Amino acid sequence: MSETEALQKRFAAALMPNYGVPPVAISRGQGCRVWDADGREYLDLIAGIAVSSLGHAHPAIVEAVSRQVAEVAHTSNLFLHEREVELAERVLCLLGGDDPPQTPPVPPGGRVFFANSGAEANEAAVKLVRRIAGPGRPVIVAAERSFHGRTMGALALTGKESIRAPFGPFGLTVRFVPYGDARALRAAVGSDTAAVFLEPGLGESGVVPAPEGYLRAAREACDQAGALLVLDEIQSGIGRTGAWFAHQTAGVRPDVLTLAKGLGGGLPIGLCVGLGAAGGGFAKGDHGSTFGGNPVACAAALAVLDTIERDGLLAHVTAVGEHLAAGLGGISHPLVAGVRGTGLWRAVVLTAAVAAEVEAAARRAGFLVNAVQPDAVRLAPPLILSIAEADQFTAALPGILAEVSS
Ligand SMILES: Cc1ncc(COP(=O)(O)O)c(C=O)c1O
């Protein structure tokens, strides 16, 4: 039995079966490469589901985390710590468009709540908008095919019946609208609406960008109805699309923004940002988290932000992302319908529901990709992916598809 098989056996016996048994046991990583328990090397084009923004074992994260853990690893919310203040200021400055960032930073109006994951960030956002809107506005508008997380509040907003249905009722009144349909959105938002929750592009539904003007239409509908606009940038934020935040490219400003995933570069962190007046929505005692604002996670996130800035990674993501999309788009194969997405957030769209087979064949060829939908393979590699690494996958894909076709 291989090391991987032995670990899989133990995994299946000791962990709940909600993930099935994963096909690879990752034992270490370096840059955009990972190695499994049997020493096999892979090019990591999924980065722990759009998380490991600086790849693996990046010296900036290793240094920041090691230093922080040696100083103090945890304070709880009974005490404050400089790293959490610094990180909140930095994120607010990025949202305020301070370019270059000021030293010391001057945050624009807004406030941050720290959580530990995407779902928790959205839970905070749900409570925040309910607190602000009050009982007279019980409805939250969300999109079909959206994904906001697996906890009860986040799941209530998630527009995938198959994962939501077994766990209701949720105690939230959610009105779902078809994603991308501005007219349907306008019709759904009214005087009963506390907030509209949207992703700037559907990540789990296959990296589907919002149609041009859709987020602006959402902003207008919220303004007209007096509702809050909440943007979930848990997957799209922190450089993934080549901008700090996808909504900046779309030219809209949310009232509430949620972040997680790539911000911590592999350390668990989530943020709920209230911009403007929404930042003052919680009163003392309204919400909390023992681990939220954890110094080690905050130190990692600061290292991620520093490195993105210092190494010009936003421009890099745009350039490598366009190169990758052009390369993949140039592949002529009956299984390839096209490529969609922005920056280093892409999906190879297939003409048949064979994404799982493509994922498995890619793995055998030494590439980690993700069958995000039956007919879509997601690529969300580290933001440091090089042109040469992108080209390796482009060169290998025809062979991978040939294996699937046969
Ligand atoms: C847009 C979006 N929101 C929320 C989440 C939930 O994040 P987490 O898995 O950290 O709870 C995800 C995770 O994939 C996501 O893509």
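Predicted model: local features only at pLDDT ≥ 70, side-chain atom pairs only at ≥ 80, totals over all residues.
**Glu120**

I started with Glu120 and looked for its contacts, meaning heavy atoms within 4.5 Å. Leaving aside neighbours within four places in sequence, I found Glu120 touching Ala115 and Ser289. Glu120 sits in helix α5, residues 118-133. Helices here are DSSP runs of H or I with at least four residues, strands are runs of E with at least two, and both are numbered from the N terminus.

For the cut-offs, buried is under 20% relative accessible area, exposed is over 50%, and partly exposed is in between, with a 1.4 Å probe and protein chains only. I also checked Glu120 against Phe176, which is 56 residues away along the chain; their C-alpha atoms are 21 Å apart.

Residues are numbered from 1 along each chain as its sequence is written, and side-chain values use heavy atoms, with hydrogens and water left out.

Next I looked at β1 (residues 26-30) and β2 (residues 33-36), which run antiparallel and are joined by 4 bridges. Strands pair if DSSP finds at least two bridges between them. Opposite Gly29 I found Val34 of β2. The two strands make a hairpin with 2 residues between them, and Gly31 in that turn has a positive phi of about 60°.

Then I went to β16 (residues 370-373) and β17 (residues 376-379), also antiparallel, with 3 bridges. How many residues does the hairpin from β16 to β17 pass through? I counted 2. Asn370 has Arg378 in β17 as its bridge partner.

I checked the peptide bond from Gly168 to Pro169, and it is cis, with omega near 0°. Pro169 belongs to the loop between α7 (161-164) and β6 (173-177).

Ile49 is not a glycine, yet its phi is positive, about 60°. I found Ile49 in helix α2, residues 47-50. Its relative accessibility is 40%, so Ile49 counts as partly exposed.

Arg145, not a glycine either, has a positive phi of about 75°. Arg145 is in the loop between β5 (139-143) and α6 (152-156). At 39% relative accessibility, I list Arg145 as partly exposed.

**The whole protein**

I finished with the overall numbers. The C-alpha box, along the principal axes, is roughly 60 × 50 × 45 Å.

How much of the protein counts as buried? I noted 54% of the 406 residues. Of the contacts with a separation of 6 or more, 70% come from residues 24 or more positions apart.
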